[in-house]
Amino acid sequence: MNVGIKDVARVAAVSPATVSRVLAGRTVDPVMRDRVLEAVRETGYRPNLAARRLRSRHTKTIGLIVADIRNPFFTAVSRTVEAIAYDHGLRVIFCNTDEDAAKEAMYMQLMQEERVTGVILAPTREGADRIAHLESDFPIVLIDRAAPNASCDSVVLDNEAMAARLVVHLHRLGHRRIAGLFGTDTVTGRERCDGYERAMAECGIPGEVVPVPHEREQAQRVIAALLGDVARRPSALVVSNSVMLQSVLRVADTLGLEIPRDLALTSFDNEPWMEFVAGGLSVIEQPVEEIGRTAVTMLLDRLDHADCVTRRVVLAGRFIARGSGGRGAEA
């Protein structure tokens, strides 16, 4: 007797759609997934892989949802994703959430309605928390921000290690009052903050974490409050991304601060203009092309091998030392 998806669904006490999502490697509640897999073993069901792949690729379209297109990191990753998708005959639907969880949810619903082949997603902080419970009809690959409790493939930077590298660099230059500026709404910001705090503790110096809002004017007010207070002003900063770095530079210019004489700077991301500012800015250069290429490759692999184990690729950045670190007063 031929066993079908409906038979598996009946044994597992779930809907046939849930069985299909589990067999296709989609994101499903872990308890339901275990019930379906146990029912597959019990019934001896053998899926028609050829038919499943044909259905999963029918739109030949993938979704790309990024958190902030102002950030050159996401611009560069998006360009790589689009180029590689084009080489594979795939179209790309591009969406930008501005770190807004409601927009992210809307765009994920759009991907369902468009019946995309798969989605590459840089989730908001709320999105990363809820993605483990999201039921979708397509595979999802996370970039830049992982979701530890979700069964999604992901490719990320080693954020903790890279933030720690910036702290060590400034400490070796003699800085002891090093503040860290990190986003309030992102997984990435939290990981980089963890690396900063760990490195500060290992260096034996107190840290000062400054949460910076996503909205630019609010961010500049927070930064101005820090740098405008002479008694509180640190000698050096670890800045979490290049968008935030631009706000720091704008505030420093308004206050008449010279870099690195009055304020040493380090940051993430390496844009062409950075080597021409203040003798060059010391940064962590992210492997943006490798991140984009790996994300598309993982998505295509997931379509061909739906039942393979979830993978998390962690990449190292490249530290580039320039003149913005200056010398600390204690050096």
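**Exercise 1. What is the area buried between domain 1 and domain 2, and what percentage of it do carbon and sulfur atoms give?**

Solution. The model is a predicted one.
- Step 1: the domain assignment of the protein places domain 1 at residues 5-51 and domain 2 at residues 57-330.
- Step 2: between their C-alpha centres lie 36 Å.
- Step 3: domain 1 brings 13 residues to the contact and domain 2 brings 16 residues.
- Step 4: about 1,100 Å² is buried between domain 1 and domain 2, and carbon and sulfur atoms give 39% of this area.

**Exercise 2. Classify the ring pair of phenylalanine 73 and phenylalanine 74, and state whether each residue is buried or exposed.**

Solution. 
- Step 1: the structure has 2 aromatic pairs.
- Step 2: a pair of aromatic rings is described by the distance of the centres and the angle of the planes.
- Step 3: for phenylalanine 73 and phenylalanine 74 the centres are 5.0 Å apart and the planes stand at 70°. Planes over 60 degrees apart count as edge-to-face, so this pair is edge-to-face.
- Step 4: a relative accessible area under 20% counts as buried. Phenylalanine 73 has 2%, so it is buried; phenylalanine 74 also has 2% and is buried.

**Exercise 3. Classify the ring pair of phenylalanine 182 and tyrosine 196, and find which parts of the chain this pair ties together.**

Solution. 
- Step 1: the ring centres of phenylalanine 182 and tyrosine 196 are 5.5 Å apart, with planes at 55°, so the pair is tilted.
- Step 2: phenylalanine 182 belongs to strand β6 (residues 178-183) and tyrosine 196 to helix α9 (residues 187-203), so the pair ties together parts that are 14 residues apart in sequence.
- Step 3: phenylalanine 182 and tyrosine 196 are both buried.

**Exercise 4. How does the reach of helix α12 compare with the expected value, and which of its residues are buried?**

Solution. 
- Step 1: helix α12 covers residues 288-304, which makes 17 residues.
- Step 2: the buried residues of α12 include Val288, Ile291, Thr294, Ala295, Met298, Leu299 and Arg302.

**Exercise 5. Where does valine 277 lie, and how far is its C-alpha atom from that of glutamate 82?**

Solution. 
- Step 1: valine 277 is in the loop between β9 (264-268) and β10 (282-285).
- Step 2: with a relative accessible area of 23%, valine 277 is partly exposed.
- Step 3: valine 277 and glutamate 82 are 195 residues apart along the chain, and their C-alpha atoms are separated by 31 Å.

Definitions and conventions:
Residues are numbered from 1 along each chain as its sequence is written. This is a predicted model: local features need pLDDT of at least 70, side-chain atom pairs count only at pLDDT 80 or more; totals for chains, interfaces and linings use all residues. Side-chain values use heavy atoms; hydrogens and water are left out. Rings of Phe, Tyr and Trp (its six-membered ring) pair if their centres lie within 6.5 Å; planes under 30 degrees apart count as stacked, over 60 as edge-to-face and the rest as tilted. Buried means under 20% relative accessible area, exposed over 50%, partly exposed in between (1.4 Å probe, protein chains only). Helices (H or I, at least four residues) and strands (E, at least two) are DSSP runs, numbered from the N terminus. The expected span of a helix is 1.5 Å times one less than its number of residues. Domain bounds come from an automatic or database domain assignment. Contact means heavy atoms within 4.5 Å. Buried area is the accessible area (1.4 Å probe) that two parts lose on being put together, summed over both.
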